[in-house]
Amino acid sequence: SPKKISFPALRIEDWPRFAYRGAHLDCCRHFFTVEEIKSFIDLICMHKINNFHWHLTDDQGWRIEIKKYPRLTSFAAWRPFDKLNDWWVEGRTFCEQDDPRAVGGYYTQDDIREVVAYAAERHITIIPEIEMPGHSEEVLATYPELSCSGKPYVNADFCIGTEKTFEFLENVLFEVIDLFPSEYIHVGGDECPKKEWKRCAKCQALIAAQHLQADGRHTAEERLQSYFIKHAEQHLNQLGRQMIGWDETLEGGLAPNATVMSWRGEGGGMEAARQHHKVIMTPNTYLYFDYYQSADKAHEPEAIGGYLPLQHVYSYEPMPRQLKADEQPYIIGVQANLWTEYIPSFRQVEYMELPRMAALSEVQWCSPEQKDYNAFIKRLQQLVKVY
């Protein structure tokens, strides 16, 4: 049992630099159990992180039960390949849940409620991410009528030119917000190639009908994505929620009330702040914990690439000097992301997160003048014993 520790009477005054302090976990590339998700919540609670960004849908698997669309979890949540890389190079197909080869999983709505309650008891808000309009191979393999081609295993982006897409995503979001009480709902919006939209008669007809013409800054297809994202935001706002998207949501013009997560460096975040939109800084150059922790890659578990040692994480300053005084308050938070293409087990999640999460915590909490890497390393020795 822990030793008894006594303290003299004292008063502590402390407060975080940023109100939004986030940690992200991708459960699409590899699925993690409810108990493992609770362990992740325990980790972020230990580090005074107050937002869990739960990545629940992506090309490699759909992880949240939607009653109106049961095949999202009976089919789109399962791959007939044990190793993700085999799926990637051998057809990127899905299979029925009862297929003997099936690998994957999903969270029932009861699972979601249990995890949300567990997080709330620890003063942590869960922000779900439902990817749109790109990163949607799993949906379009299951419901190909939502794609430009109308065929499974052809497209990765929703067809914006069909009303069925809007109906589907509105129905999904309606069930999502019933499960998650968070103010914010994340809609992704990243890495959408848009090439099929150029060839799709329905998408081009919508571009013409809405006068979404190319200009000096944006292509017609970028403006089509903006049209779609603005529609999603309007739907969420009508349901009393706010939208977060990755910095690609700036392409074609940002939705009126959107908050931006800046991941491709800080440029998107600065642009959004200058437009007086709220920003959460999450640049891959400092806060992508799927990057290698050591330069000695031969003795590290395989990772997606990059090099992000502890000291580099600790050195991050989230407030860009280029922003004016009246723009700086729009930087409301900081978040680290863990994408799991190369992380098949929760044990490896812990390895990639720790001790970098401790450095993240101080970036989120401390003012620059309070940070001292050498002092941090000394304190970290005690925390490692807790780990």
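The model is predicted, so local features need pLDDT of at least 70, side-chain atom pairs count only at pLDDT 80 or more, and totals for chains, interfaces and linings use all residues. Residues are numbered from 1 along each chain as its sequence is written, and side-chain values use heavy atoms, with hydrogens and water left out.

Start with the barrel. Eight strands close it, in the order β1-β2-β7-β8-β9-β10-β11-β12, with parallel pairing. Neighbouring strands of this sheet are turned by 30° against each other on average, direction ignored. Such angles lie between axes, which are lines fitted to C-alpha atoms (for helices over the stretch in contact), and run from 0 to 180 degrees between N-to-C directions. Strands (E, at least two residues) and helices (H or I, at least four) are DSSP runs, numbered from the N terminus. Two strands pair if DSSP finds at least two bridges between them. Strands of a sheet pair through backbone hydrogen bonds, either parallel or antiparallel.

Now follow some neighbours. Strand β7 (residues 125-132) pairs with β8 in the parallel sense over two bridges. Here Met 132 has Gly 188 of β8 as its bridge partner. On to the next pair: β8 and strand β9 (residues 242-246) are parallel, with three bridges. Tyr 184 stands opposite Gln 242 in β9. Three bridges also join β9 to strand β10 (residues 259-262), again in the parallel sense. Ile 244 has Thr 259 in β10 as its bridge partner.

Why is strand β8 largely enclosed by the rest of the structure? Five of the five residues of β8 (residues 184-188) are buried. Buried means under 20% relative accessible area; exposed means over 50%, and partly exposed lies in between (1.4 Å probe, protein chains only). In a regular strand the side chains alternate between the two faces of the sheet. In β8, Tyr 184, His 186 and Gly 188 point one way, while Ile 185 and Val 187 point the other way.

Next comes the nonpolar interior. A nonpolar core is a set of buried Ala, Val, Leu, Ile, Met, Phe, Trp, Tyr and Cys residues joined through side-chain atoms within 4.5 Å. The largest has 113 residues, of which Ile 37, Phe 52, Trp 54, Ile 64, Phe 168 and Phe 180 touch the most other members. Helix α6 (residues 163-179) supplies the largest share of this core, eight residues. A second, separate core of six residues includes Phe 75, Phe 81, Leu 84 and Phe 94.

Helix α10 (residues 267-274) also has buried residues: Gly 268, Gly 269, Met 270, Ala 272 and Ala 273. Just after α10, His 276 takes a positive phi of about 65°.

Finally, the spaces. The largest cavity holds about 60 Å³. Its lining consists of Met 132, Phe 166, Leu 169, Glu 170, Leu 173, Phe 228, His 231 and Ala 232. Helix α6 gives the largest share of that lining, four residues. The largest pocket holds about 950 Å³. It has 37 lining residues, and Arg 29, Asp 59, Gln 60, Trp 88 and Glu 341 lie nearest its centre. Helix α3 gives the most to the pocket lining, with three residues. On a 1 Å grid over the protein atoms alone, a cavity is a set of points where a 1.4 Å probe fits but cannot get out, and a pocket is an open set with protein on both sides within 12 Å along at least five of seven lines; lining residues have an atom within 4 Å of a point. Grid points are joined across faces, edges and corners, and a volume is the space filled by probe spheres set on the points.
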